[in-house]
Amino acid sequence: MELAKNTPVQTLGDYAYEGVQKHYKKILKWEKSVKKDEDPEALHQMRVGMRRLRTAVSRFAIVLDLPKPVSDKNIGKIARKLGGLRDLDVLKENLEKDYKPRLSHKEQTYLHTAFDAIAKQREHALSIVQTTLKDESYKSLKQSMEEWLEKPTYHDLADISIGQVLPDLLLPEVSQFLLHPGWLAGTEFVESQLKVHQNWEAEKIEQQLTKEGETLHDLRKQAKRVRYQMELFADLYSESYAAYIADVKSIQDVLGAMQDSVVLTEWLENVFKSDMHSHLHGLNKLLADNRYQLWQQWQPLQSRYLKIETRHGFHLTVLHPKESGFSHEDETSAQKIG
């Protein structure tokens, strides 16, 4: 099945095409700079393009009849190779900008060992990325993508009006986000009521992050998927929709910064072994303080999104695209029901 090109963007197929094309073009834009290792920002942007393309391909699988090389699995493999290099750049940037200037001269000198280790690991990771961008799976992805964009094919659902199915497309993603177990970190049920523990000391927060760190990291990934999907349709919704996107980004950012701090600590402990605590006491304290502050930022977001009103509001906003045909009267009665 083919859709006519150059028509106004109004069907589900049109939006799916626009999303895939946009993210693929972003990948191509930064590819040359990444191959030459010219700028860490180029690598970051290409990796984001890969992740967004992967989300679009997987979420629009019901609509797009894509060739086999343009698959979630293949895109994911390439994105992970880029991610290995990007993670090292983030480690280095965080150490240089956020921590090193605040350390004693003695600890700054001792930190040279870490930068040497990053440089060595980065050389290996860069070699992997450059090889990946030359191998057959990446070439096949590009060729198949170019051919499909020139002559796209779709499944039957592509012809349906975007306004008719948009809530159905977005609500499962929102539900997965809101039902994620990461929201329950640092909570307990007291007489069937969910209670968020407040005013924890730093040591208690560290214990919680050790226990729930992976779950919170996975919530961050789900937040990212929701945001990528929602942003594709931002022009079809009102300001309240944009506010929820901003909230999801804040959740993604604070959980991401928390994860970066945990990863950095684990990486340093692997490099310095037992010397980490004896020679880098100041850095250890800064890292722990950082996680403490991030937990304080996370809890208001957590509390808000555990409230029934916030969750209902999120669902109602997604249910009402601007072009959905809902009258003001319909919207008001729907809110009363909610």
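Ala, Val, Leu, Ile, Met, Phe, Trp, Tyr, Cys and Pro are counted here as nonpolar, Asp, Glu, Lys and Arg as charged, and the others, Gly among them, as polar. The model is predicted, so local features need pLDDT of at least 70 and side-chain atom pairs count only at pLDDT 80 or more, while totals for chains, interfaces and linings use all residues. Residues are numbered from 1 along each chain as its sequence is written, and side-chain values use heavy atoms, with hydrogens and water left out.

**Exercise 1. Describe the largest pocket by its volume, its lining and the classes of its lining residues.**

Grid points are joined across faces, edges and corners, and a volume is the space filled by probe spheres set on the points.

Step 2 gives the volume, which for the largest pocket is about 1300 Å³. Its lining has 43 residues, and those closest to the centre are Arg47, Arg51, Asp87, Arg220 and Lys224.

Step 3 assigns the lining to helices, which are DSSP runs (H or I, at least four residues) numbered from the N terminus. At least two lining residues come from each of H2 (40–59), H3 (72–99), H8 (202–231), H9 (239–272) and H11 (281–305), and H3 supplies the largest share, 14 residues.

Step 4 sorts the lining of the largest pocket into 19 charged, 14 polar and ten nonpolar residues.

**Exercise 2. Determine how H3 packs against H5.**

Step 1 takes the axes as lines fitted to C-alpha atoms, for helices over the stretch in contact, with angles from 0 to 180 degrees between N-to-C directions. For H3 and H5 (residues 112–132) the angle is about 155° and the axes are 9 Å apart.

Step 2 classifies the angle: under 35 degrees counts as roughly parallel, over 145 as roughly antiparallel, 65 to 115 as roughly perpendicular and the rest as oblique. H3 is therefore roughly antiparallel to H5.

Step 3 states the hand, where a crossing is left-handed if the near helix is turned anticlockwise from the far one by less than a right angle, and right-handed if clockwise. H3 and H5 cross in the left-handed sense.

Step 4 examines the contact (heavy atoms within 4.5 Å). Among the residues that make it are Ile78, Leu85 and Leu88 of H3 and Phe115, Ile118 and Leu126 of H5, and the contact of H3 with H5 comprises 13 nonpolar, three polar and five charged residues.

**Exercise 3. Work out the arrangement of H7 and H12.**

Step 1 gives the geometry, in which the axes of H7 (residues 162–178) and H12 (residues 308–319) come within 9 Å and cross at roughly 160°. The two helices H7 and H12 are therefore roughly antiparallel to each other, and their crossing is right-handed.

Step 2 names the partners, including Leu170, Val174 and Phe177 in H7, which meet residues of H12 that include Phe314 and Val318. By class, the contact of H7 with H12 holds nine nonpolar, two polar and one charged.

**Exercise 4. Characterise the largest cavity.**

Step 1 gives a volume of about 50 Å³ for the largest cavity, and the count of cavities of 30 Å³ or more comes to one.

Step 2 lists the lining of the largest cavity as Leu209, Gly213, Leu216, His217, Leu255, Met258, Gln259 and Val262, with H8 and H9 each supplying at least two residues. Five of these lining residues are nonpolar, three are polar and none is charged.

Technical notes:
1 Å grid on protein atoms, 1.4 Å probe; cavity = no way out; pocket = protein on both sides within 12 Å on 5 of 7 lines; lining within 4 Å.
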